[in-house]
Amino acid sequence: MAGVNENYLKLQVGYLFPEIGKRKRAFQQAHPDAKLISMGIGDVTQPLAPAVIAAMHKAVDEMGKKETFHGYDDGGVGYAFLREAIAKNDFKARGVSIDIDEIFISDGAKSDTANIQELFGLDNTRAVADPVYPVYVDTNVMAGRTGAVAGQGTYLKIVYMPATADNNFVPEPPREKADMIYLCFPNNPTGAVATKEQLKKWVDYARDNKAVILFDAAYEAYITESQIPHSIYEIDGAKDVAIEFRSLSKTAGFTGVRCAFTVVPKQLRAYTRAGQSVALNPLWNRRMCTKFNGVSYITQMGAAATYTDEGKRQIRGTIELYMNNADIIRKTLAAFGYKVYGGVNAPYIWLKTPDGIGSWEFFDLLLNKANVVTTPGVGFGPAGEGYVRLTAFGDPQDVNEALDRISRVSR
Ligand SMILES: Cc1ncc(COP(=O)(O)O)c(C=O)c1O
């Protein structure tokens, strides 16, 4: 008899996007002529940069010749040409020294943030923000690292740190002891960013508690304010206690191409039960070589093109288009009298529902009255109740039309 992993049966948050889909379909069936506009999508809409396309075409041609053919990416951790470009442009340019052996190229930050837990003991306490990118929680549930369902989409044995308007959506380190701390800045879903001072508190907490910070910086390219750190390694001492996840998905439109990377500093350590310290970099290397065979040469060539002058200019142009959307959404909704957060250093706008109505109620109102689809904040955790998330990834025309429709249903 094959036993099932019963941890999967505890999962509950996966209802969010199916439920949105169900409500959209029901609406569309009842109103076949209505044109829905999605402001809830977390996927990009603009095409790849021409420099990326040219590099990928060239790589395809190389693959067609015996002399320039590439098979397995040796070691499965990424070509040196890409890791060098990352170390130079993403870190050295910001005053951070990262060795290329500390950079691991992968197929996504989603899989890396999920898989990294393999390096940690089962009995570690995890801390996450509430609301949270659900992957951090669900993957721990799947692996049996949490307790039972605790209600409202939460689980026992996870420390939830409310991110609310009162703390500018940047939680303080908890009073309880946490061993693994998931932080995401710029944040999905709230669009909040953390200052150097705020991140320093986390680095100090991790150093004091021998904890590890899992820092998801998938949206760092959207930061517009110069004083906001792009990497946790801009904080002194962070290399001793933090792993950082980056992705080309939102930075360069790679959601359908798949390329990301994770930084595991050589000095970062976790501990055996007996208290012996163990370096995590060789363990992640071992894990990658054993369970992964690398990202395709073609993809890595495309990724490297985003670090050329031409590539940088082109991807910046697309990010500016999205951030222009964010700016319009934020300012227009504020002018209608809504309370809005985010959208300055992130492609997400966190909208407080009016008159204290619930996230799903406001979702239904916008769907039915404005034919605009959003994402109910409560789907990201109990502290998301009373908010909806809007994204800036749409076409500018659609964004304007959606705002025009919302203006007609506003108070
Ligand atoms: C916070 C966060 N991390 C990671 C990801 C996934 O990135 P990737 O496409 O590289 O798997 C997303 C995508 O929506 C995200 O919002």
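The sulfur of Cys 289 lies 17 Å from the closest cysteine sulfur, that of Cys 259, which is too far for a bond. Cys 289 is partly exposed, at 39% relative accessibility (buried means under 20% relative accessible area, exposed over 50%, and partly exposed in between, with a 1.4 Å probe and protein chains only). Cys 184 is buried, with a relative accessible area of 7%, and its sulfur is 19 Å from the closest cysteine sulfur, again in Cys 259, too far for a bond. The structure holds zero disulfides (a disulfide being a pair of cysteine sulfur atoms within 2.5 Å).

The model is a predicted one, in which local features need pLDDT of at least 70 and side-chain atom pairs count only at pLDDT 80 or more, while totals for chains, interfaces and linings use all residues. Residues are numbered from 1 along each chain as its sequence is written, and side-chain values use heavy atoms, leaving out hydrogens and water.

Turning to the ligand, 14 residues surround it, and the closest are Ala 109, Asp 216, Tyr 219, Ser 247 and Ser 249 (a residue is near a molecule if one of its heavy atoms lies within 4 Å of it). An N or O atom in the side chain of Asp 216 is 2.7 Å from a ligand nitrogen. Ligand oxygen atoms take part as well: one is 2.6 Å from an N or O atom in the Tyr 219 side chain, and a polar side-chain atom of Ser 249 lies 2.6 Å from a ligand oxygen. Taken alone, the ligand exposes 400 Å², and the protein buries 90% of that (areas by the Shrake-Rupley method with a 1.4 Å probe).

Notes
Polar contact = N/O pair within 3.5 Å; in protein donor to acceptor, adjacent residues only side chain to side chain.
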